[in-house]
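Hi there,

Here is the structure I promised to pass on. Have a look at it first, and then read on for what I found.

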Amino acid sequence: MAGNERETVYIKADRNVEVSRPQVTLGDVLQIECTNPRLLAQIKRLSLLRFPDSQDKRQCRTAVSILKVVSCIHSRFPEAEVQNMGEMDFIVTYEKQKDTGGFLHVLKIALVTLISFAGAAFSIMAFNNDVDVTKLFGQVYELVTGTRNDGFTILELTYCIGLAIGILVFFNHFGKKRFSVDPTPMEVEMRLYENDIQTTLIENYSRKGKELDVDGNMGGTDTSGGHRT
């Protein structure tokens, strides 16, 4: 650095980062800020790791310690003061760009929709049979009106309408429209699931000594069967 001036570099890493090139630089996986634009540009170009040229998806992911990032910066700019504002360990996943759309993509959407619809319908019918909703509605209808239920009354109609409205309100979502700015229960559960997966992956890499750290270890091999987060 010019004049040996001590510069402060702020770095921030997300828990999980996906890249589309095997050669990974610090700028690909980090948010970096520095008052010196020239230093900032040079740091972003520093090489962090390179994924092997392999078709095995298990070798397209690794866990990286933030200490490795600090070491990488200090190896080139020893006078820089590095302040970490993000994760202490993060996952880097390499995946080649794929074309979106096409018949296969539409088929997957249709299949997931069909399975979700059939599963939800089966759950509702199983619940209704379990508590014997038909008999219950018949007893309520006869108690209120004094006549026997013929199998289709205002109770069944309002129950169907209320069930649909309840599902929409609970999931806070209909098509592309949200009823409020809050995340949907499905989004919350997916984020919790992703956090659990990422925590497990990082701990596995660390325990097996495959995390990319200051000692020079290079993970790159995912023993979890290539499960993406």
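A residue is called buried here when its relative accessible area is under 20%, exposed when that value is over 50%, and partly exposed in between. By that rule, 27% of the protein's 229 residues count as buried. Please keep in mind that this is a predicted model.

First, the overall picture. The protein has 7 helices and 8 strands. Among contacts with a separation of 6 or more, 63% are between residues 24 or more positions apart.

Now to one of the sheets. Three strands make up an open sheet in the order β4-β1-β7, and their pairing is mixed. The edges are taken by β4 (31–33) and β7 (81–84); each has a single partner strand, so one side of each has no neighbour in the sheet. On average, neighbouring strands of this sheet are turned by 25° against each other, direction ignored. Strand β1 (residues 8–12) pairs with β4 over 3 bridges in the antiparallel sense, and Y10 stands opposite E33 in β4.

Two helices go with these strands. Helix α2 (residues 37–44) lies across β1 and β4 and runs at about 155° to β4. Helix α3 (residues 66–76) packs on the sheet as well, where it touches β1 and β7, and its direction makes about 160° with that of β7.

Strand β8 is worth a look too. How many of the 6 residues of β8 are buried? The count is 5, so β8 (residues 89–94) is largely enclosed by the rest of the structure. Strand β2 (residues 16–19) pairs with β8 in the parallel sense over 4 bridges, with V19 opposite Y94 in β8. Strand β6 (residues 61–65) is joined to β8 by 5 bridges and runs antiparallel to it; here V64 stands opposite F90.

Finally, the surface. F152, I154, L157, I161, I165 and V169 form a nonpolar patch there, and together they have about 610 Å² of accessible area. One of them, I161, is placed in helix α6 (residues 154–171). I161 has 46% relative accessibility, so it counts as partly exposed, since that class lies between the 20% and 50% cut-offs.

Do send me your thoughts once you have been through it.

Best wishes

Methods
Residues are numbered from 1 along each chain as its sequence is written. This is a predicted model: local features need pLDDT of at least 70, side-chain atom pairs count only at pLDDT 80 or more; totals for chains, interfaces and linings use all residues. Side-chain values use heavy atoms; hydrogens and water are left out. Patches are made of residues with over 30% relative accessible area and no salt bridge: like charges are joined within 9 Å, nonpolar side chains (Val, Leu, Ile, Met, Phe, Trp, Tyr) within 5 Å. Accessible areas come from the Shrake-Rupley method with a 1.4 Å probe; for residues, only the protein chains shown count as cover. A salt bridge is a side-chain nitrogen of Lys or Arg within 4 Å of a carboxyl oxygen of Asp or Glu. Buried means under 20% relative accessible area, exposed over 50%, partly exposed in between (1.4 Å probe, protein chains only). Two strands pair if DSSP finds at least two bridges between them. Axes are lines fitted to C-alpha atoms, for helices over the stretch in contact, and angles run from 0 to 180 degrees between N-to-C directions. Contact means heavy atoms within 4.5 Å.
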